[in-house]
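Good morning, and thank you for joining. Please look at the display first.

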Amino acid sequence: MNKEAGYVMKCTVLGCMDESGLSLEVVAAVNDDSILKCNLMRSPLLKERGVPLHVQSGFVCASLAYNDALLRCQADVVVFAHQDVYLPAGWEERLFKSIALIERYDQDWAVLGVYGVTDQGKHIGHVWSSGLQSMVGESFNEPVPVVSVDEVLIVIRRASGLLFDSSLPGFHLYGTDIVQAAISLGKKAYVVHAPLVHNSRPILYLGEDYFAAYKYLVRKWSRRLPIPNNVMVIMRPRLFYAWKRLRQKMNEYRYRNIPRRNFDRQLDCVGLAHRLGFE
């Protein structure tokens, strides 16, 4: 395995705590330091609140990167965020308040997300996507139980004992997988209202790495299919899979000669968060 050691941004304390005493650490799988510095590392909870950031580089899949950091984390709550995410001022306070709401009736929760899908296929969340140039979802109040979460940001209660599946290939669908792993242990996952900026590039098409992860989940969770997901439902029918894959291949062919940088829409994440009312 091609792996460079992850490192931790040094700070004076383990992480910020709310009145309940919960501590926090952040993990990011990184392949572009400039994107990390322009986005996630500008988040006030990292710059001002002293929350540790575990930067994981050189891993062949997200699960290995995240597990490597998770096993070294000491905080009660671990946040796994994309490198192009900006967490607005006060974001951690919203997170802790949501956790307090959940723990009124479920102290054994396992996973939280900021965007996800319920068992009825309803999408829940409130996130700005630069790749889509739009707000995804809308404001809501109470945490909502879900069966999958978007990988843009995942929160794990460390005491749940959950780990990511190290056999899941690539960097896709681990959000769906970790929620299903929690459910298999009799625990729940929720989406909470904690808006953030996802300063992402447009996704022009889904590559073979996405479909490798998709096929893996079809095999692994065959008894639970279909599983709602924010990109496409995880299901067995071959015609559905073949049609989706064909459409992505057509898009790949369409954009094959256009440099990816032509589609970049990297924005000032701090100014954007202000304009959106996130902070």
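I begin with helix H3, where Ala-62, Ser-63, Ala-65, Tyr-66, Asn-67, Ala-69 and Leu-70 are buried. Please bear in mind that this is a predicted model. Those residues account for seven of the nine in H3, so that the helix is mostly covered. What covers them? The cover over the buried residues of H3 includes strand E2 (24-30), strand E3 (53-57), strand E4 and helix H5.

In soluble globular proteins, nonpolar side chains tend to be buried together. Here the largest nonpolar core has 41 residues, and those with the most contacts inside it are Phe-80, Val-111, Ile-154, Phe-164, Ile-178 and Ile-234. Two or more residues come from each of helix H3 (62-70), strand E4 (77-81), strand E12 (153-157), helix H5 (174-184), strand E13 (189-191) and helix H6 (208-220). Of these, H6 provides the largest share, seven residues.

Let us take Ile-234 as an example. Leaving aside residues up to four places away in sequence, Ile-234 touches Leu-173, Thr-176, Tyr-214, Leu-217, Val-218, Leu-225, Pro-226, Ile-227 and Asn-229. There is also a second, separate core of 34 residues, which includes Leu-45, Phe-96, Ile-99 and Ala-194.

Finally, helix H8, which spans residues 269-276, has Cys-269, Val-270, Gly-271, Leu-272 and Ala-273 buried. Which elements do the buried residues of H8 pack against? They pack against helix H1 (33-38), strand E5 (85-86), strand E8 (123-129) and strand E14 (196-198). After H8 comes Gly-277, with a positive phi near 80°. Thank you.

Methods
Residues numbered from 1 in each chain as written. Predicted model: local features only at pLDDT ≥ 70, side-chain atom pairs only at ≥ 80, totals over all residues. Heavy atoms only, no water. Core = buried A, V, L, I, M, F, W, Y, C linked by side-chain atoms within 4.5 Å. Buried < 20%, exposed > 50% of the residue type's maximum accessible area, 1.4 Å probe, protein only. Helix = DSSP H or I, 4+ residues; strand = E, 2+ residues; numbered from the N terminus. Contact = heavy atoms within 4.5 Å.
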